[in-house]
Amino acid sequence: MRGKRRRQLRQHIMAYGFMVPAFSFLTIFLFIPLIVAVYLSFTRYNLLTPPEWVGLTNYERLFADPLFWRGLRNSFLYLIATPIIITLSIALAIVVNRNLRGVYLFRTVYYIPAVTSVVAVGMIFEFVFAEPGGLINGVLLATGLIQQPINFLTHPDSTLISVMLVTIWRGIGFYMIIFLAALQSVPEELYEAAAIDGANRWQQHLYITVPGIRPSIIFVAIISSISALKVFEEIWVMTDGTGGLLDSALTLMFYLYRQGFVNLELGYAAAIAAVFSVITLVFSILNLRYLERNND
Amino acid sequence: MKRLMIVLVVLLVTSMVLGVVAAQEREDRPNRDLTGNFWSPTAEDYARWRVIDGVEEGAEIRFWPWALTPDFEDYLNQIIANFEATYPGVNVILEGQPAAGARDNIRNSFAAGTPADVINMSDGWVAEFAEAGVLLNMDEAIGVAYPALREQYVDGAWEKVTFEGVTYHLPWYLAFSNVMAINGLIYEELGLEAIPTTWAEAYDFACEVREQSGGAYYAYSFPWGELAGLGVLNTFIGEGIAVYNEDRSAVIFNENPLSAEILDQYKRLLDNDCVPRESLTDDVREMIDRFSEGEILLLQTGPQLFRLVEENNPEVFASLFLGQQFVGAANIRSIGGVQTLVVPAGSQFPNAALAFAQFVTNPDTQTAFSREVPIYSSNLASYEDPFFTEGGPALTDQLRPLAAEYFQNAVNTGILDFPQLAEVEQIVLGEFQAALLGVKTSQQALDDMAARINAILAAQ
Amino acid sequence: MTELRHYPGKPLRLRLRQWLENTGWYTILILFGLVTVVPFLWTALMSVRPNSANVFRPNQPPQLIPYPGLIGWGEGQREAREAGFYAAPAGSPFGWWRDFTPVIEPQLAGTSLEPYTFAATTANYYRVWTDVNLPRYFVNSFIVALSVVTIQLVTSSLAAYPLAKMQFQGRDVLFYLILATLVFPDQLTLIPTFIMSVNLFGFADTLHGLIIPFGANAFGIFLLRQTYQSIPNELIEAARIDGASEFGIWWRILLPLIRPGLATLAIFSFVGSWNSFLWPLLMIRTESMYTLPVGLAFLEGAFTGNLRTVAAGVMVATVPIIIVFLVFQRQFIRGLSGAVKG
């Protein structure tokens with residue numbers, strides 16, 4: 001009994017010992033700033049003069065603010081991008097994991113969007129979405145597939161979807177890498193055994209690949225849904241910082257940016273951040289619990 | 001791991017070698033017009049330039065211009081050298097800011113309590129700092145203490161941004177806003193003989209050009225996606241519509257039926273494809289790119305931006321000739337964009353900083369800047385220089401003789417004086433889009449716009 | 001999944017099937033490759049377009065095929081354009097240009113390819129080189145990114161191990177704390193971090209100010225936790241029974257096993273650090289300490305914004321990342337074939 005407790009204690013010390021370096025950095029450069037930011041949500045703060053305590057005012061204002069709710073709605077709408085990204089990036093990872101000649105080249109090519117700077121992405125997609133002579137409209141009009149140019153960014157109903165396309169384009173290569181790394185760890189013997197048992201390709205993937213890379217799927221599901229909820233850069237660059245026609249692409253993170261860094265209401269922005277983080281955290285934990293329970 | 005290490009080491013060594021080579025290789029761009037006393041000043045020049053008293057001995061001040069380095073680094077270094085010779089014992093450190101991120105950087109430096117001593121801001125940025133009370137009051141520091149210096153500045157630029165009637169900036173360089181570039185290739189191809197001069201004619205002209213060219217060209221496009229600048233309110237003023245009531249406590253532009261008519265005209269242009277649909281989302285840069293593509297006949301921006309056309313499409317640039325921008329019924333000539341210099345109220349060396357800001361905006365220094373790039377001096381004394389009175393044959397040189405008279409009489413429309421300017425800009429843009437996209441009638445959108453702005457004004 | 005091997009004696013039917021299958025895979029690879037590479041290619045082509053050309057050509061075929069035009073490096077572009085060739089006098093290290101246009105253009109003239117071709121130039125890259133102190137920024141970015149990657153690999157791989165594989169109190173709380181830092185918008189933590197870094201730690205205008213605040217990476221800890229989870233517990237238990245210390249287990253058994261995860265994290269944190277813009281912009285005041293993205297931001301000035309130069313800048317910033325990626329992906333594949341099977 002005492003031996004067991006001693007072992008437990010030792011394991012605790014070991015566990016915390018392993019985490020000390022990371023958590024000291026995190027505490028100073030993330031946890032403390034995070035606490036400061038939460039404190040700011042109870043203040044009026046314009047960055048230029050010291051914060052002034054206002055209690056719950058920011059939170060009261062938040063719940064009555066229609067743009068806050070629109071932002072929340074758009075952020076959750078943006079989650080549609082997540083399953084698309086996951087499916088496509090797993091499929092792509094499976095293909096580039098095959099032993100084909102020149103596959104290195106393709107892996108690299110697929111990863112390019114993930115490393116291209118957001119400014120370049122903006123420049124490029126301005127050209128891709130342009131009307132009527134852009135890449136997509138130009139080709140479709142020339143081939144007679146459409147008669148009228150598609151209003152990618154010049155119609156309030158399509159702005160959010162167009163921006164989502166950019167996110168998916170940027171995301172696939174990024175998450176492909178994670179799945180590729182995971183696929184590499186699935187022992188090949190399993191496939192050989194399954195092939196002997198008469199499983200076809202599709203069944204092999206369903207019963208070997210997917211369970212084998214399950215921790216990574218969970219990881220990508222959590223990370224990509226967090227970043228879908230947090231989407232900001234693409235919207236900022238594709239709408240030139242306006243949030244799209246009639247605020248049609250205004251997500252919560254974009255609204256936070258507008259309040260905090262355009263209107264200089266940092267206290268209010270911090271309140272948005274706090275509420276948003278609680279919602280996202282609960283969402284992510286539930287998501288994680290659900291996915292990890294299914295694991296067992 | 002071995003191969004990885006080799007690659008990394010090779011990369012590191014290569015880049016270091018390159019670094020050493022580059023350190024020797026970098027050289028100045030020689031293309032100076034050495035006339036004028038700016039590049040080789042005499043003792044007399046130094047004496048004449050020395051106008052601010054009480055400059056702190058041994059002061060070290062930091063200067064943040066934005067979007068000017070490295071293109072104008074030689075010029076800026078020369079300013080600093082001249083200044084340091086004019087006020088011996090003062091040391092200026094140049095810390096150029098890139099266009100992207102400059103505003104964030106300025107704000108954060110204030111938040112951390114470490115702003116530079118002289119900061120270059122666009123006119124639209126000044127208000128928030130003035131409202132927060134962190135800037136030196138220039139009406140006192142220059143206006144009261146050195147009235148003769150104050151007199152030199154273009155009035156419209158001095159008043160471009162005020163908070164509660166007080167100016168917190170020194171005007172630096174100006175854009176000549178009365179100019180229009182005309183694409184000569186399209187002009188010839190369509191066999192045009194004249195360009196309209198007023199907005200009233202310009203609306204129909206847009207559809208005529210579209211029709212006449214068989215859908216190949218547009219007459220002009222708009223930067224309606226631009227959040228900053230409150231362009232539509234300026235248009236109202238240009239048409240003689242009163243934006244404010246008499247004591248400026250509320251906006252009343254919605255009461256004049258002409259306002260709704262203008263928006264209706266815009267909507268008509270848009271719906272009939274007389275202007276590109278992307279006008280809805282374009283900002284000024286994108287408008288210039290669109291013009292550079294060679295599908296637009298007219299470009300209404302300051303000449304300082306024509307260089308963008310030259311870079312992207314030399315063919316179009318070679319064909320350009322100049323005209324006057326369309327005017328509204330009121331024929332108002334308004335001051336365009338103003339770049340400013342501000343001094344933080346908490347500067348450790350306020351007199352040195354003020355002296356430097358004044359020095360950068362003095363007549364000689366500014367004339368020298370206009371020689372580098374077609375921007376215009378905010379200092380009326382600059383225009384006595386032969387450089388301005390004589391002009392030249394090149395496209396933008398033709399404008400110089402006109403500039404003095406223009407700026408002397410250019411009025412400030414007072415649009416940037418709204419409290420919470422950023423929010424007002426969002427309101428105007430949102431309601432404007434609602435009208436153009438047909439979500440609301442033009443009148444309804446204007447009423448809502450006015451009501452929301454008035455709510456902000458009333459809360460003040 | 002195993003590759004069908006190419007035996008000379010294999011029946012024709014099988015060989016045909018293999019050929020069809022491979023063709024199918026390549027079709028998918030290429031189609032997808034096009035979607036991703038076209039914008040990049042567009043940037044690359046833009047970066048070699050000559051200054052005398054119209055970059056926008058409405059209603060005309062796009063010029064997609066470059067042929068060598070004005071090629072070289074250093075001063076003397078104008079001379080080369082006039083005389084066809086320029087070489088700097090002996091003693092100056094750079095300055096060699098040659099205009100191939102007069103040689104190649106006539107050969108293309110009249111062919112059906114002609115409207116699609118243009119004379120490529122290296123002038124835009126040279127312009128980037130002279131406008132910003134590129135090698136200097138390169139070195140800075142490299143030092144910063146390399147340090148950040150190294151520190152993050154160590155801290156994350158240490159911290160993720162107990163979170164994945166040990167039983168102790170507070171594990172879930174700590175893990176959710178890490179999750180919380182991931183969900184909280186970094187725009188807002190940036191300000192307190194900045195004020196603290198400048199006023200408390202005196203990091204302003206130093207390169208370590210760009211490294212130390214990124215010493216730990218919540219994303220990395222999460223990523224490696226998932227990687228550790230895919231390792232069977234039996235492996236660790238067996239090592240414990242053999243009397244290995246926890247540190248020994250981590251160092252000798254687990255680290256080799258999670259190499260693919262480490263390589264992935266290395267790629268991500270390198271890219272993150274390499275592309276980071278706002279933080280170095282806020283921290284660094286001295287030009288000689290700029291990182292690449294900050295330096296390249298200066299290519300777009302108040303009255304300029306030459307698309308070709310900006311595109312060349314984008315290429316210059318992106319290509320090193322692609323090299324790093326190539327290195328690491330080969331690396332994690334190698335690491336595996338040894339680890340998993342052994």
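Over which residues of chain C does pLDDT stay under 50? I looked this up before anything else. The stretch is residues 338-342 of chain C. For these residues the model has five contacts beyond four places in sequence.

**Entry: confidence**

I note that this is a predicted model. I read off its scores: ipTM is 0.87 and pTM is 0.89. I then went through chain C by element. Helix 14 (residues 307-339) of chain C has the lowest confidence, with a mean of 75. Helix 5 (residues 134-165) of chain C has the highest, at 93.

**Entry: chain A against chain C**

I turned to the contact of chain A with chain C. Each side is 69 residues: 69 of chain A touch 69 of chain C. I asked which element of chain A gives the most to this side. Helix 1 (residues 2-40) of chain A does, with 17 residues. I sorted the chain A side by class and got 48 nonpolar, 16 polar and five charged residues.

**Entry: chain A against chain B**

Next I checked where chain A meets chain B. Here 19 residues come from chain A and 24 residues from chain B. On the chain B side, helix 4 (102-111), helix 5 (123-132) and helix 20 (421-436) of chain B supply at least two residues each. Helix 20 of chain B gives the most, with six residues. I count 12 nonpolar, five polar and seven charged residues on this side of chain B.

**Entry: a helix pair in chain A**

I picked out helix 9 (residues 188-196) and helix 10 (residues 201-212) of chain A. Their axes come within 10 Å and cross at roughly 140°. Is the crossing of helix 9 of chain A and helix 10 of chain A left-handed or right-handed? I find it right-handed. Helix 9 of chain A brings Leu190(A), Tyr191(A) and Ala194(A) to the contact. Helix 10 of chain A brings Gln204(A), Tyr207(A) and Ile208(A). By class, the contact of these two helices has five nonpolar residues, one polar and no charged.

**Entry: a sheet in chain B**

I traced an open sheet of six strands in chain B, in the order 2-1-3-10-6-11. The pairing is mixed. Strand 2 (91-94) and strand 11 (376-377) of chain B are the edge strands, and each pairs on one side only. Strand 1 (residues 60-64) of chain B runs parallel to strand 2 of chain B, over four bridges. I looked up one partner there: Arg62(B) has Ile93(B), in strand 2 of chain B, as bridge partner. Helix 16 (residues 350-360) of chain B packs on the sheet. I see it touching strands 1, 2, 3 (118-122), 6 (170-174) and 10 (338-342) of chain B. The direction of helix 16 makes about 45° with that of strand 1 of chain B.

**Entry: domains of chain B**

I took the bounds from the domain assignment of chain B. Domain 1 is 43-176 + 336-409, and domain 2 is 179-334 + 415-459. Over C-alpha atoms, I get 30 Å between the two domain centres. At their contact, 20 residues of domain 1 of chain B meet 14 residues of domain 2 of chain B. On the domain 1 side, helix 5 and helix 19 (400-409) of chain B are the elements that give two or more residues. Helix 5 of chain B gives the most, with four residues. I sorted this domain 1 side into 10 nonpolar, seven polar and three charged residues.

Definitions and conventions:
Residues are numbered from 1 along each chain as its sequence is written. Chains are lettered from A and ligands numbered from 1 in the order in which they are written. This is a predicted model: local features need pLDDT of at least 70, side-chain atom pairs count only at pLDDT 80 or more; totals for chains, interfaces and linings use all residues. Two residues are in contact if their C-beta atoms, placed from the backbone, lie within 7 Å. Ala, Val, Leu, Ile, Met, Phe, Trp, Tyr, Cys and Pro count as nonpolar, Asp, Glu, Lys and Arg as charged, and the others, Gly among them, as polar. Axes are lines fitted to C-alpha atoms, for helices over the stretch in contact, and angles run from 0 to 180 degrees between N-to-C directions. A crossing is left-handed if the near helix is turned anticlockwise from the far one by less than a right angle, and right-handed if clockwise. Two strands pair if DSSP finds at least two bridges between them. pLDDT is the predictor's confidence in each residue, from 0 to 100. Domain bounds come from an automatic or database domain assignment.
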